[in-house]
Amino acid sequence: MTHQHQVPGEASGPGAVAVGSNHGIISTGDAATIDNRTLHLPAEAVRAPAEVPAPPGLNNLPAPRSAVFVGRDEDLARLDAAMDGGGTPTVVHGLGGMGKSTLALHCAHRQLGRCNPVWWVPAETPDGITLALADLAAHLDPYANLTATTSAEAAAWATGWLQSHEGWLLVLDNAEAPDDVAPVIGPLTTGQHLITSRRATGWHHLAQPLALRTLDPDASADLLMRIIGEPGEPDDAPALAELAAELGHLPLALTQAAAYIQHTAITPASYLARLRRYPARMFAASATDNHERTIARVWQLTLQAIAARDPLAVDILRTFAWLGPDDVPRDLAEALHDDPIAIDEALALLHAYSMITLTPRTFTVHRLVQAVARTPDPADPHRAEETIGTARRRAVSLLVAALPGDPLFNVAGWPRWRELLPHIEALATRVAPEQDDEHTDAIWRQTSAFLQSEVRLDRAIALAERSVAACERLRGPDDPFTLASRSILGSAYRSAGDVVKAVPLLVRNRDDCERVFGAAHEETLVARGNLAYLYGVTGNLDLATELHSRNLVDCERLLGPDDPHTLSSRSNLASAYREAGDFDRAIPLHEQSAAGYERVFGPDHPEALTARSNLAFAYQLAGDLGRAIPLHEHVLTTRERVLGAAHPHTDLARELLANARADTPQ
């Protein structure tokens with residue numbers, strides 16, 4: 001770096017010389033040589049750094065990129081407190097686009113008048129740090145720059161000055177790694193440091209971390225409205241809130257979107273529609289000349305750095321872009337590779353670059369990072385269409401392998417189902433129906449069955465409908481999986497009370513099962529039982545009783561007395577008798593059913609509790625409140641413990657108990 005400085009034309013004292021101007025290197029001493037000429041410098045040219053005062057108000061702070069700054073009051077207060085207290089440096093870390101530099105810049109401007117100098121140091125590389133410190137030396141003392149033969153010497157002079165003075169602030173912006181700033185931070189204890197970095201780890205020996213999070217929803221909407229400027233239509237407020245959520249409340253993405261809306265004079269709803277239809281183009285769109293500050297570009301550079309160190313980390317990011325953003329089980333990632341240490345290191349690298357947030361059991365990915373990672377873009381080598389398609393199929397395979405078996409009766413697997421459910425739901429929204437294959441079909445079918453046990457019928461119906469459509473397209477109408485999906489869909493319609501859709505579907509499924517499998521096949525028994533149950537709830541008790549009786553005989557003969565289908569058939573027949581008012585036959589069957597479920601599944605199994613609840617209700621209808629009420633109380637207490645106080649089955653138990661108590665004579 002070459003600097004030009006104007007130096008007084010006359011010598012300032014004995015042994016000093018003067019030169020009009022300098023364009024080269026000069027040495028300290030009574031005489032110095034530059035461009036083969038001997039020069040004489042004033043006495044202050046040889047002062048030690050400790051003897052050089054800082055010019056008043058010295059700073060090189062850039063202007064904020066935007067006058068709009070919202071939602072960071074708490075973070076700014078924490079930084080102000082750290083500045084006032086001195087001591088350990090602070091590192092603001094977070095995902096690219098989170099607003100780390102903006103926060104640090106606002107904090108630094110607030111320190112003007114308190115600290116001197118306040119110096120902004122681009123810290124992406126060690127060379128950048130050196131040049132920034134050399135520039136500081138030139139502003140502190142022009143003669144120090146003249147006497148330095150290299151930028152490193154000038155930076156060393158600046159370091160010496162900082163060591164010997166107090167009250168200064170260095171902001172090291174966008175530090176790539178702790179080791180890059182350690183040589184600056186380590187020896188300097190007389191002033192203050194503020195660091196920003198994408199790196200979340202490795203700072204424990206250098207700085208106190210401050211993790212920067214996304215904006216809250218209100219601040220996000222406020223940021224959008226302030227940049228857009230003009231008051232919009234009355235219905236813009238919901239669209240702004242929806243847009244902010246779609247962008248994951250990330251400041252850079254919000255700023256990019258608002259600038260585009262303001263520049264093109266479209267509505268927030270129109271921007272959101274474009275974002276969903278043309279995501280790659282909108283992620284890269286910029287309403288300014290600074291195309292480096294788009295989310296697509298910011299994260300492309302980050303992915304390049306990550307890929308250079310560990311390609312597996314980028315594979316993980318692309319794969320989990322298809323699942324839910326929060327609480328992703330780590331064991332799903334561990335299934336990607338035979339070497340668990342390789343997975344640990346890849347996850348740690350993503351966490352270090354703030355692309356994920358890692359905990360011992362789970363990790364979280366920002367939803368907009370996911371959106372970019374699963375959107376093909378020919379301009380980005382990390383987002384080729386074929387690569388992203390491979391990642392989608394890998395995500396599907398991971399979920400299929402992780403599903404617990406038997407969603408209806410395997411209660412031990414229910415916690416795992418609940419853990420995976422948000423990721424299944426996310427996958428269902430991100431995989432188009434025309435992309436469904438045998439693996440996604442298996443996920444939709446089994447998840448629908450589980451959701452019915454959770455009484456989440458709208459989602460159960462939607463996934464079962466999708467499974468039926470996929471099965472019929474991929475396998476044909478008579479395939480066993482198609483018939484099983486149709487049976488699950490019919491049950492969901494019935495549970496939701498949609499008899500118009502349930503009856504023809506379950507009749508068709510019973511007939512198709514008998515035709516394809518024969519009258520004595522397990523699938524036929526299930527189809528017949530579902531239809532009989534539907535007849536019962538629609539009031540056709542004679543036909544329901546006839547079908548249930550036939551089904552129970554066939555189940556006991558073909559499957560045995562303790563098979564789940566046999567237990568279900570017995571319970572359904574008992575309920576049909578109960579609804580018909582035939583308590584002499586209903587109650588013994590309910591008692592057998594309750595004992596059978598408890599014997600096979602255990603006393604706390606939800607099906608065992610349902611069997612006891614049915615028995616209590618039969619006692620109640622028969623007028624035997626002395627046996628009904630204690631049994632209702634037992635079911636309610638156990639469901640509260642096993643299923644939770646807010647579960648729909650617990651609410652039903654509470655209602656049945658209240659009704660039984662109301663029937664008690666006063």
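1. Helices here are DSSP runs of H or I with at least four residues, strands are runs of E with at least two, and both are numbered from the N terminus. This is a predicted model: local features need pLDDT of at least 70, side-chain atom pairs count only at pLDDT 80 or more, and totals for chains, interfaces and linings use all residues. Residues are numbered from 1 along each chain as its sequence is written, and side-chain values use heavy atoms, without hydrogens or water.

2. Overall content. The protein chain has 29 helices and 12 strands. Of its 666 residues, 51% are buried (buried is under 20% relative accessible area, exposed over 50%, partly exposed in between; 1.4 Å probe, protein chains only). Take contacts (heavy atoms within 4.5 Å) between residues at least 6 apart in sequence: 65% of them join residues at least 24 apart.

3. A265. This residue sits in the loop between α9 (251-264) and α10 (268-277). Its phi is positive, about 55°, although A265 is not a glycine. A265 is exposed, with a relative accessible area of 68%.

4. D406. Here too the residue is not a glycine, and phi is positive, near 50°. D406 lies in the loop between α17 (385-402) and α18 (414-430). It is partly exposed, at 41% relative accessible area.

5. N116 and P117. A cis peptide bond joins the two, with omega about -5°. P117 belongs to the loop between α2 (100-111) and β6 (118-122).

6. α19 against α21. Two packed helices are described by the angle between their axes and the distance between the axes. Axes are lines fitted to C-alpha atoms, for helices over the stretch in contact, and angles run from 0 to 180 degrees between N-to-C directions. Helix α19 (residues 438-453) packs on α21 (residues 480-495) at about 30°, with the axes 10 Å apart. That makes α19 roughly parallel to α21 (under 35 degrees; over 145 is roughly antiparallel, 65 to 115 roughly perpendicular, the rest oblique). D441, R445, S448, A449 and Q452 of α19 meet F481, A484, S485, I488, S491, A492 and S495 of α21. By class, that contact has five nonpolar, five polar and two charged residues (nonpolar: Ala, Val, Leu, Ile, Met, Phe, Trp, Tyr, Cys and Pro; charged: Asp, Glu, Lys and Arg; polar: the others, Gly among them).

7. α24. The 18 residues of α24 should span 26 Å at 1.5 Å a residue, and the end C-alpha atoms are 25 Å apart, which agrees (expected span is 1.5 Å times one less than the number of residues). Its buried residues include L547, H548, N551, L552 and D554. Among the elements covering them are α22 (499-517), α23 and α25. Just after α24, G560 takes a positive phi of about 100°.

8. α25. Helix α25 (residues 564-579) has 16 residues and reaches 22 Å from first to last C-alpha, close to the expected 22 Å. It is mostly covered, with 12 of 16 residues buried. Two arginines, R570 and R578, are among the buried residues. The buried set packs against α23 (522-537), α24 (541-558), α26 (583-601) and α27 (606-621).

9. α25 against α27. The angle is about 20° and the axes are 11 Å apart. That makes α25 roughly parallel to α27. S571, S575, R578 and E579 of α25 meet N614, F617, A618 and L621 of α27. By class, this contact has three nonpolar, three polar and two charged residues.
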